[in-house]
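This report goes through one protein model, from its overall layout down to single residues. Please keep the sequence and the 3D view at hand while reading.

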Amino acid sequence: MQRIADDRVVLTIEEAAQRLGIGRTTMYALVRSGEIRSVTIGRLRRVPVRCLTEYVNNLLADDIAATAA
């Protein structure tokens, strides 16, 4: 298994899935639905690391709101 460099700004879909600990198919679904934002560089689809952080922060905020209600 290859190690993802921590200093990279964008990741492939597969690397982003690995970073979140989810499957590739799930990651593609999250990107396709817009839950995780991505960018196109030339013909390549990449996920900015900050968008992964944003996604997790949104999940945490939703969880906090659900438990407070």
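**Basis of the description**

The model is predicted, so local features need pLDDT of at least 70 and side-chain atom pairs count only at pLDDT 80 or more, while totals for chains, interfaces and linings use all residues. Residues are numbered from 1 along each chain as its sequence is written, and side-chain values use heavy atoms, with hydrogens and water left out.

**Overall layout**

The protein chain contains three helices and three strands. These elements are DSSP runs numbered from the N terminus, with helices (H or I) of at least four residues and strands (E) of at least two. Read from the N terminus, their order is β-α-α-β-β-α. Along the principal axes, the C-alpha atoms fill a box of roughly 45 × 25 × 20 Å.

Of the 69 residues in the protein chain, 25% are buried. Buried means under 20% relative accessible area, exposed means over 50%, and partly exposed lies in between (1.4 Å probe, protein chains only). The chain exposes about 5,000 Å², of which carbon and sulfur atoms supply 54%. These accessible areas come from the Shrake-Rupley method with a 1.4 Å probe, and for residues only the protein chains shown count as cover.

A contact means heavy atoms within 4.5 Å. Among contacts in the protein chain with a separation of 6 or more, 34% are between residues 24 or more positions apart.

**Helix H1 and its packing**

Helix H1 spans residues 13–20, and its buried residues are Ile13, Glu15, Ala16 and Ala17. They pack against strand E1 (10–11), helix H2 (24–33), strand E3 (44–48) and helix H3 (49–68). Just after H1, Gly21 takes a positive phi of about 75 degrees.

How are two packed helices described? The angle between their axes and the distance between the axes are used. For H1 and H2 the angle is about 105 degrees and the axes are 9 Å apart. Axes here are lines fitted to C-alpha atoms, for helices over the stretch in contact, and angles run from 0 to 180 degrees between N-to-C directions. Angles under 35 degrees count as roughly parallel, over 145 as roughly antiparallel, 65 to 115 as roughly perpendicular and the rest as oblique. H1 and H2 are therefore roughly perpendicular to each other. On the H1 side, Ile13, Glu14, Ala16, Ala17 and Leu20 take part, meeting Arg24, Met27, Tyr28 and Val31 in H2.

**Salt bridges**

Side chains of opposite charge can pair when their charged atoms come close. A salt bridge is counted when a side-chain nitrogen of Lys or Arg is within 4 Å of a carboxyl oxygen of Asp or Glu. The count by this rule is three.

| Glu15 | Arg8 | 2.7 Å |

Glu14 is partly exposed, with a relative accessible area of 35%. Is Glu15 buried or exposed? Glu15 counts as buried because its relative accessibility is 9%. Its partner Arg8 is partly exposed at 31%.

Glu54 is partly exposed at 31% relative accessibility, and Arg37 is partly exposed at 40%.

**Two buried residues**

Met27 lies in helix H2 and counts as buried because its relative accessibility is 0%. Leaving aside neighbours within four places in sequence, Met27 is in contact with Ile13, Ala16, Ala17, Leu20, Ile22, Ile36, Val47 and Leu52.

Pro48 is in strand E3 and is buried, with a relative accessible area of 11%. Its C-alpha atom is separated by 4.1 Å from that of Val10, 38 residues apart along the chain. Not counting residues up to four places away in sequence, Pro48 touches Val9, Val10, Arg37, Ser38 and Val39.

**A nonpolar patch**

Val39 lies in strand E2 (residues 39–41) and is partly exposed at 32% relative accessibility. Together with Ile41 and Leu44, Val39 makes a nonpolar surface patch of about 240 Å². Patches are made of residues with over 30% relative accessible area and no salt bridge; like charges are joined within 9 Å, and nonpolar side chains (Val, Leu, Ile, Met, Phe, Trp, Tyr) within 5 Å.
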